[in-house]
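Subject: Handing over the structure

Hi there,

Here is the structure I promised to pass on to you. Please open it alongside this message, and then read my notes below.

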Amino acid sequence: MGFKDDKQAILAMLIQGLYLHETRAFQAEKNWLSTGDITQERAREIVSMVAGRTAEFSPHHAVPGIKVWIFKPEWEGQRWYIKCYLDEGTLTFI
């Protein structure tokens, strides 16, 4: 799948609340969705603003076959940095 398909899948899973958070002991506070600093709805709004020019992907550090999306949209005057991946029908935020 490409950017548009993956973005639509990510948005659909966010709307349904079907997502996980990758455990990162030393950087857990950076995932504002998992800490509750932003809501699921706000995360969906931010991801919906992502355009192809503000998205890139790279292989997952532990599983190179997984494409990790890095989104850097601007929303409400602030630049955001969001990392997530889709694997076997599961959305995971890093």
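What follows is a walk through the strands, the charged pairs and the aromatic rings. Please keep in mind that this is a predicted model.

Let me start with the strands. Strand S3 covers residues 67-71 and strand S6 covers residues 82-87; the two run antiparallel and are joined by 4 bridges. If you want a place to look, go to Trp-69, whose bridge partner in S6 is Cys-84. S6 also pairs with strand S7 (residues 90-93), again in the antiparallel sense and over 4 bridges. Here Asp-87 stands opposite Thr-90 of S7. The hairpin of S6 and S7 has 2 residues between the strands, and Glu-88 in this hairpin takes a positive phi near 50°.

Next, the charges. How many salt bridges does the model hold? The count comes to 4, and I describe some of them here.

One of the salt bridges is formed by the side chains of Asp-6 and Lys-67, with 3.3 Å from N to O. This pair links distant parts of the chain, since Asp-6 belongs to helix H1 (residues 3-16) while Lys-67 lies in strand S3, 61 residues apart. Is Asp-6 buried or exposed? Asp-6 counts as buried, because its relative accessibility is 5% and the cut-off for buried is under 20%. Lys-67, on the other hand, is partly exposed, with a relative accessible area of 23%.

Another salt bridge joins Glu-41 and Arg-44, whose closest N and O atoms are 2.8 Å apart. Why are these two residues separated by about one helical turn? Glu-41 and Arg-44 are 3 residues apart in helix H3 (residues 40-48), so about one helical turn separates them. Glu-41 is partly exposed, at a relative accessible area of 41%, and Arg-44 is partly exposed too, at 22% relative accessibility.

Arg-79 and Glu-74 also meet through their side chains in a salt bridge, at 3.8 Å from N to O. Arg-79 is exposed, with a relative accessible area of 51%, whereas Glu-74 is partly exposed, with 49%. Those two values fall on either side of the 50% cut-off, so the two residues get separate labels.

Now to the rings. A search of the whole structure finds 7 aromatic pairs. Among them is the pair of Phe-57 and Trp-69, which is edge-to-face, with 5.2 Å from centre to centre and 65° between the planes. The pair links distant parts of the chain: Phe-57 lies in strand S2 (residues 55-59) and Trp-69 in strand S3, 12 residues apart. Phe-57 is exposed, with a relative accessible area of 52%, but Trp-69 is buried, with 4%.

The charged end of Lys-67 sits over the ring of Phe-57, 5.1 Å from the ring centre.

Happy browsing, and do write back with any questions!

Best wishes

Conventions
Residues numbered from 1 in each chain as written. Predicted model: local features only at pLDDT ≥ 70, side-chain atom pairs only at ≥ 80, totals over all residues. Heavy atoms only, no water. Pairing = 2+ DSSP bridges. Buried < 20%, exposed > 50% of the residue type's maximum accessible area, 1.4 Å probe, protein only. Phe/Tyr/Trp six-rings, centres within 6.5 Å; stacked < 30°, edge-to-face > 60°. Lys NZ or Arg CZ within 6 Å of the ring centre and 35° of its normal.
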